[in-house]
Amino acid sequence: MYKLIAIDIDDTLINDDKEVTPATQQALEEAIAAGVVVTLATGRAYSSAQAIARQTGLNVPIITYQGAYVKNLLDEKVLYERYLPLDAASKLFDYCVEHDLHLQTYIDDKLYSREENQKLIDYTSLNNTEYFIEPDFAKLVAQPTPKMLIIDEPDYLDEIAPVLRKLLGPTVHVTKSKPNFLEFMHAEGTKGHALKFIARHFGCGLEQTIAIGDSWNDHEMLEAAGLGVAMGNAIPALKQIADYVTRSNNGDGVKHVIDKFIFNREA
């Protein structure tokens with residue numbers, strides 16, 4: 001019944017040791033061998049996501065930057081891209097300067113910050129991302145970017161998120177990938193929009209798709225998919241909207257989904 005599976009990476013496909021377990025790897029290979037399209041849907045940059053995709057043997061387009069950028073692994077052709085409107089990027093930059101907030105941007109798949117601090121170091125150490133410092137950040141803000149990101153305390157981000165949504169307007173999608181990461185993309189740069197695009201690309205209906213995730217930035221694709229699955233370690237809000245809750249990322253939750261819904265076998 002299901003022909004396409006879109007899987008988030010962090011805290012979903014990989015465990016807390018940042019690894020795809022052998023059991024999950026085998027399940028992915030079995031699904032692909034059975035003719036199922038398996039893709040990744042992540043907030044990560046393409047440069048970071050593609051390394052994991054290649055390790056797991058995928059050879060299809062993958063969804064990156066929360067859905068703002070879909071790129072084929074085989075020939076690296078960009079199939080779908082939505083950039084943050086330049087006027088919104090400029091407003092966001094001015095707001096962050098005024099309120100002394102740490103802001104990051106991505107240009108040509110490279111991560112930039114206007115200063116090196118602990119927030120940047122901690123963020124990039126999560127997935128060994130290379131970063132670049134550009135004090136003249138305004139010139140970067142004038143270039144197309146699939147994503148900008150503020151790092152701060154969760155409660156403070158929850159406080160400013162509605163302020164920034166109002167400031168930036170309906171052309172911008174604002175979401176949280178983790179409690180202390182507030183991310184900004186084009187309104188059509190969501191995992192839900194990208195999943196719909198991938199499904200059309202492979203000629204399958206949304207009712208034939210499965211989406212698996214753990215955080216609120218996954219909710220659009222869980223709602224769009226025929227079967228929306230939350231990990232056992234997912235935030236409560238995502239579990240509430242999911243069609244099914246699987247095991248945790250440390251308990252081979254992705255493997256369990258493939259076993260149950262692709263091969264109709266109970267583990």
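Is asparagine 250 buried, partly exposed or exposed, and what is its relative accessibility? I started my notebook with this residue, and I kept in mind that the model is predicted. At 49% relative accessibility, asparagine 250 counts as partly exposed, because the exposed class begins over 50%.

**Entry 1: around asparagine 250**

I looked up where asparagine 250 sits and found it in the loop between β14 and α11. Next I asked which residues asparagine 250 touches, leaving out those up to four places away in sequence. My list reads Asn15 and Asp16. I then checked the spacing to aspartate 16: the two are 234 residues apart in sequence, while their C-alpha atoms are 6.6 Å apart in space.

**Entry 2: the chain as a whole**

I stepped back to take in the whole chain. I noted 11 helices and 14 strands. Along the principal axes, the C-alpha atoms fill a box of roughly 55 × 35 × 30 Å. The radius of gyration is 18 Å, which agrees with the value near 18 Å for a compact globule of 267 residues.

How much of the chain is buried? I wrote down 55% of the 267 residues. For the accessible surface I noted about 11400 Å², with 49% of it belonging to carbon and sulfur atoms.

I also looked at contacts between residues at least 6 apart in sequence, and 53% of them join residues at least 24 apart. As for charges, I found 25 positive and 39 negative ones, and their mean positions lie 5 Å apart.

**Entry 3: a five-stranded sheet**

In what order do the strands of the open sheet run? I traced β2-β1-β12-β13-β14, five strands with parallel pairing. The edges are held by β2 (37-40) and β14 (244-245); each has a single partner strand, so one side of each is left without a neighbour in the sheet.

I then followed β12 (residues 209-213) to its partners. With β1 it pairs in the parallel sense over four bridges, and leucine 4 stands opposite threonine 209. With β13 (residues 227-230), β12 again pairs in the parallel sense, over four bridges. On that side, isoleucine 210 has leucine 227 as its bridge partner, and isoleucine 212 stands opposite valine 229.

Is β12 largely enclosed or largely open? Five of its five residues are buried, so I put it down as largely enclosed by the rest of the structure. In a regular strand the side chains alternate between the two faces of the sheet. I sorted the residues of β12 by face: Thr209, Ala211 and Gly213 lie on one side, Ile210 and Ile212 on the other, and both faces are covered.

**Entry 4: helix α11**

My next stop was helix α11 (residues 253-262). Eight of its 10 residues are buried, so this helix is largely enclosed by the rest of the structure. The buried ones are Gly253, Val254, His256, Val257, Ile258, Asp259, Phe261 and Ile262.

What do these buried residues of α11 pack against? I found β1 (4-7), α1 (9-13), α2 (22-33), β12, β13 and β14. Following α11 comes asparagine 264, with a positive phi near 55°.

**Entry 5: helix α3**

I moved on to helix α3 (residues 46-55), where the buried residues are Tyr46, Ser48, Ala49, Gln50, Ile52 and Ala53. An α-helix has 3.6 residues a turn, so residues three or four places apart point the same way. The buried residues of α3 pack against α1, β2, β3 (61-64) and β4. Just after α3, I noted glycine 57 with a positive phi of about 85°.

Where does glutamate 76 sit? I found it in the loop between β4 (69-72) and β5 (78-81). Glutamate 76 is partly exposed, with a relative accessible area of 37%.

Asparagine 128 lies in the loop between α5 (118-126) and β8 (131-133). Its phi is near 55°, also a positive value in a residue other than glycine.

Technical notes:
Residues are numbered from 1 along each chain as its sequence is written. This is a predicted model: local features need pLDDT of at least 70, side-chain atom pairs count only at pLDDT 80 or more; totals for chains, interfaces and linings use all residues. Side-chain values use heavy atoms; hydrogens and water are left out. Two strands pair if DSSP finds at least two bridges between them. Helices (H or I, at least four residues) and strands (E, at least two) are DSSP runs, numbered from the N terminus. The radius of gyration is taken over C-alpha atoms; the globule rule is 2.2 Å times the number of residues to the power 0.38. Buried means under 20% relative accessible area, exposed over 50%, partly exposed in between (1.4 Å probe, protein chains only). Contact means heavy atoms within 4.5 Å. Accessible areas come from the Shrake-Rupley method with a 1.4 Å probe; for residues, only the protein chains shown count as cover. Lys and Arg count as positive and Asp and Glu as negative; His and the chain ends are not counted. The place of a charge is taken as NZ of Lys, CZ of Arg, CG of Asp or CD of Glu.
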